[in-house]
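Reader: I'd like to learn how to read a model like this one, feature by feature. Can you walk me through it?

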Amino acid sequence: MFVDDFGHEVWSMVLEPGVYNVTLKKPVEVCNPGFKVINFKFTVDGLDCETIPNYFNLDKTHIDDGPEEKALCYTREVKIRRCFRLTSPFKDEYFHECIGKKGKISIIKNCTGKIIVNNFFPNDDITKEELDIIESKWKPY
């Protein structure tokens, strides 16, 4: 439960594992010592309350990881791009383009019991031009 500026209670809802249509808010780059992530906040279509979870992260550290770690990061980034039809670089000056983008995600309960975003489904409305941009610009590292 949250309380807004006017003292009204704003309830949050813990999402059950399943598939949800969501709309992106403006992402934020979060830098901590040793790693950098992009935090993508979202709202669940059809719900007018806060949800848990209400975000997912994309790790953008790119330090000297092994090929498996780089491939996993690339795969997640491309899935996010295909899901929300995002062709611009993930940089602060382009984050406003993410606002309002719609996609379909899956929510699961992981082995520690935490509810997390697990998968991103390709957008049915993505064009061949958008796919070509994604494939040509974001290749494996």
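**Reading the pockets, strands and rings**

Author: Let's start with a pocket: by class, the lining of the second largest pocket comprises 7 nonpolar, 1 polar and 2 charged residues. Keep in mind that this is a predicted model.

Reader: Which elements give two or more residues to that lining of the second largest pocket?

Author: Those are β8 (55-59) and β10 (115-121). The space inside comes to about 170 Å³.

Reader: And how much space lies in the largest pocket?

Author: About 210 Å³. Its lining divides into 3 nonpolar, 3 polar and 6 charged residues. The residues are Asn21, Asp45, Cys83, Arg85, Lys102, Gly103, Lys104, Phe121, Pro122, Asn123, Asp124 and Asp125. Strand β9 supplies the largest share of that lining, with 3 residues.

Reader: Let me step back to the fold. How many helices and strands are there in the protein chain?

Author: The chain has 2 helices and 10 strands.

Reader: How should I think about side chains when I look at a strand?

Author: The general idea is that side chains in a regular strand alternate between the two faces of the sheet. For the pairing here, take strand β4 (residues 18-24), which is antiparallel to strand β9 (residues 102-109), with 6 bridges between them. Within that pairing, Asn21 sits opposite Lys104 of β9. Both Asn21 and Lys104 also belong to the lining of the largest pocket.

Reader: Which other strand is joined to β4, and by how many bridges?

Author: Strand β6 (residues 35-44) is joined to β4 by 3 bridges, again in the antiparallel sense. Leu24, for instance, has Phe42 of β6 as its bridge partner.

Reader: What about β9 and β10, in which sense do they pair?

Author: Antiparallel, over 6 bridges. Here Lys104 turns up again, with Phe121 in β10 as its bridge partner. Phe121 is another residue lining the largest pocket. The β9 and β10 hairpin leaves 5 residues between the strands, and Gly113 there has a positive phi near 95°.

Reader: Now the rings. How do I describe an aromatic pair?

Author: You use two numbers, the distance of the centres and the angle of the planes. This structure holds 5 aromatic pairs. In one of them, Phe56 and Phe84 have ring centres 6.0 Å apart and planes at 15°, so this pair is stacked.

Reader: What kind of aromatic pair do Phe56 and Phe120 form?

Author: An edge-to-face one, with 4.8 Å from centre to centre and 65° between the planes. Phe56 belongs to β8 and Phe120 to β10, so this pair ties together parts 64 residues apart in sequence.

Reader: Why does Phe56 count as buried?

Author: Because its relative accessibility is 2%, and buried means under 20%. Phe120 is buried as well, at 4%. Across the chain, 31% of the 141 residues count as buried. Phe56, Phe84 and Phe120 also belong to one aromatic cluster, together with Phe40, Phe42 and Phe90.

Reader: How many disulfides does a search of the whole structure find?

Author: In general, a disulfide is a covalent bond between the sulfur atoms of two cysteines. The search here finds 0. As for cysteine exposure, Cys31 counts as exposed because its relative accessibility is 53%, whereas Cys49, at 28%, counts as partly exposed.

Definitions and conventions. Residues are numbered from 1 along each chain as its sequence is written. This is a predicted model: local features need pLDDT of at least 70, side-chain atom pairs count only at pLDDT 80 or more; totals for chains, interfaces and linings use all residues. Side-chain values use heavy atoms; hydrogens and water are left out. Two strands pair if DSSP finds at least two bridges between them. Helices (H or I, at least four residues) and strands (E, at least two) are DSSP runs, numbered from the N terminus. On a 1 Å grid over the protein atoms alone, a cavity is a set of points where a 1.4 Å probe fits but cannot get out, and a pocket is an open set with protein on both sides within 12 Å along at least five of seven lines; lining residues have an atom within 4 Å of a point. Grid points are joined across faces, edges and corners, and a volume is the space filled by probe spheres set on the points. Ala, Val, Leu, Ile, Met, Phe, Trp, Tyr, Cys and Pro count as nonpolar, Asp, Glu, Lys and Arg as charged, and the others, Gly among them, as polar. A disulfide is a pair of cysteine sulfur atoms within 2.5 Å. Buried means under 20% relative accessible area, exposed over 50%, partly exposed in between (1.4 Å probe, protein chains only). Rings of Phe, Tyr and Trp (its six-membered ring) pair if their centres lie within 6.5 Å; planes under 30 degrees apart count as stacked, over 60 as edge-to-face and the rest as tilted.
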